[in-house]
Amino acid sequence: MIDIVTLYTELSSLSSAEQQLQLSKLKNIDSAIADELERMLQVDDIPLSSSELISQQVTSPAHTPWQSFIAQEVMGFRIKRLLSDTGGMGLVFHAEQTISNSDQTENEIHKAAVKILRRDKLNSHQQTAMFFSEASSLMALDHPNICSIYGVSEVLDHACIVMDYIDGESLDLWLANSKCNQKQKIDVFMQLLEAVCYLHYRDIYHGDLKPQNIIINNQGNLVLIDLGLAKKFKTTAKADNRETIKAFSKNWSAPEQIAGEHCEAMSDVYSLGAILFYLLTSDQLEQRDLHKISDKELHAVLSKALSVKPENRYQDALQFRRVLQQYQTGFPIDEYSMTPVYQLKKLIFRKPFTCLACFLTLYSIISSVLLFANL
Ligand SMILES: Nc1ncnc2c1ncn2[C@@H]1O[C@H](COP(=O)(O)OP(=O)(O)O)[C@@H](O)[C@H]1O
Ligand SMILES: [Mg+2]
């Protein structure tokens, strides 16, 4: 049987001329698979949002000019300026709330980000109710590396999410501007792992992990945003998942997500691997050339995280974090090697003085025994 996911992974690393050549060969064997692959390869970053979970039947767009939202009030915040209009699903605005101090000194300003969904994405009362229920479950999340959601509301008849405003820059901009060494980059990545571990521990997967959905704030801490596709996975039946998860980001999503198959924590693990590779090489993984990773242990970790088959990856972010912690603290990485020589080398690296003391003790015992035997 032809495995479409493996084929997609192989083809996506080829040039478009080579892709066409392979597709035409495949058409003679199985034209349906070839057509499906062609469709998958043509699609570029399908935009994601919370509404994608709910509405698959997009009708005619209902645009409200973004200027109309300026100065509107929502949950006590006044909308000030447009932050982003890149998402096909909605607009993100910066909003502020002025809290006057009782002692008449300087007023305090609270900032928020307001994500306003396009009206055409919620087509019925039922879909709107589902949107509010999904968003409310995300409101319960409380983690320093995950953007807090204050609430969901409506503005000019559009559903919106009001959340913490994160002052900083997206991970891709941060990477381009920073002069971090490998250790610092892994430290930043560990913060992302902390956030995703928090989600996976609650059986939620993010579904859209990519540099554009990660902000490094002005204090240098990582904050995960855009939980639009976050979803409970253990309670999700495969068929239901197939129906709802249609969105992906080409360079960051797992092959099974791109193929529209069942997704869960392992799909996030793939995206995490892609982000770690990106942090270490500044490459967006289109060629998936892991040889660029000269550190052999990290190479082994990334090969596992980026396995085409979900079952060959770390099963969730918690497993991934455990291995990277081992790497950071100098413990052996089983994916790299399990030989006694390697284990011993790691032990010597971790505890050089203890090893030296043991060696000297052993040496003196052996020499005393030999000396005694010679007498
Ligand atoms: N909480 C926030 N604080 C600051 N900026 C944000 C926040 N949420 C979104 N943004 C900005 O808006 C952009 C798009 O937001 P996102 O939630 O990723 O929506 P989309 O569905 O369009 O991907 C982000 O890349 C970021 O620049
Ligand atoms: Mg986004």
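Two residues are in contact here if their C-beta atoms, placed from the backbone, lie within 7 Å. Residues 24 or more positions apart account for 64% of the protein's contacts with a separation of 6 or more. This is a predicted model, in which local features need pLDDT of at least 70, side-chain atom pairs count only at pLDDT 80 or more, and totals for chains, interfaces and linings use all residues. Residues are numbered from 1 along each chain as its sequence is written, and chains are lettered from A and ligands numbered from 1 in the order in which they are written.

**Overview**

Colour by secondary structure. The protein shows 14 helices and 11 strands. Helices (H or I, at least four residues) and strands (E, at least two) are DSSP runs, numbered from the N terminus. Next, colour by burial. A residue is buried if 20 or more other C-beta atoms lie within 10 Å of its own, exposed if 12 or fewer, and partly exposed in between; C-beta atoms are placed from the backbone. Of the 375 residues in the protein, 34% are buried.

**Stop 1: the six-stranded sheet**

Select β1 to β6. These six strands form an open sheet with the order β1-β2-β3-β4-β6-β5. The pairing is antiparallel. Two strands pair if DSSP finds at least two bridges between them. Strands of a sheet pair through backbone hydrogen bonds, either parallel or antiparallel.

Which strands stand at the edges? They are β1 (73–74) and β5 (149–155). Each has a single partner strand, so one side of each is left without a neighbour in the sheet.

Now select residues 90–99 and 108–117. These are β3 and β4, an antiparallel pair joined over 10 bridges. Pick L91 to find a bridge: its partner in β4 is I116.

**Stop 2**

Select A71. The residue sits in the loop between α4 (50–54) and β1. Is A71 buried or exposed? A71 counts as exposed, because 9 C-beta neighbours lie inside 10 Å.

Move on to M75. This residue is in the loop between β1 and β2 (77–84). M75 also has a positive phi, near 50°, and is not a glycine. With 15 other C-beta atoms within 10 Å, M75 is partly exposed.

**Stop 3: the three-stranded sheet**

Select β7, β9 and β10. They make an open sheet in the order β7-β9-β10, with antiparallel pairing. The edge strands are β7 and β10, each pairing on one side only. From one strand to the next, the twist averages 30°. Angles run from 0 to 180 degrees between N-to-C directions, and axes are lines fitted to C-alpha atoms, for helices over the stretch in contact.

Take the β7 side. β7 (residues 168–170) and β9 (residues 214–217) are antiparallel over three bridges. S170 stands opposite I215 in β9.

Select G168, which lies in β7. G168 counts as partly exposed because it has 18 C-beta neighbours inside 10 Å. What does G168 contact, leaving aside its neighbours within four places in sequence? The list is I215, I216, N217 and N218. G168 and I215 are 47 residues apart in sequence, yet 6.2 Å apart in space, C-alpha to C-alpha.

Cross to β10 (residues 222–224). Three bridges join this strand to β9, and the two run antiparallel. I214 stands opposite L224, and I216 has L222 as its bridge partner. β9 and β10 form a hairpin with four residues between them. In the turn, G220 has a positive phi of about 85°.

**Stop 4: α11 against α12**

Select residues 296–305 and 317–329. These helices, α11 and α12, pack at an angle of about 175°, with their axes 11 Å apart. That makes α11 roughly antiparallel to α12, a label for angles over 145 degrees. Show the side chains of E297, L298, V301 and A305 in α11, and of F320, V323, L324 and Y327 in α12; these residues make the contact. By class, seven are nonpolar, none polar and one charged. Ala, Val, Leu, Ile, Met, Phe, Trp, Tyr, Cys and Pro count as nonpolar, Asp, Glu, Lys and Arg as charged, and the others, Gly among them, as polar.

Finish by looking down the α11 axis. L298, V301, L302, K304 and A305 are buried. Seen this way, the buried residues of α11 fall within an arc of 160°, so they line one face of the helix. The arc is that of the directions from the helix axis to the C-beta atoms. What covers these residues includes α10 (265–281) and α12.

Methods: Angles under 35 degrees count as roughly parallel, over 145 as roughly antiparallel, 65 to 115 as roughly perpendicular and the rest as oblique.
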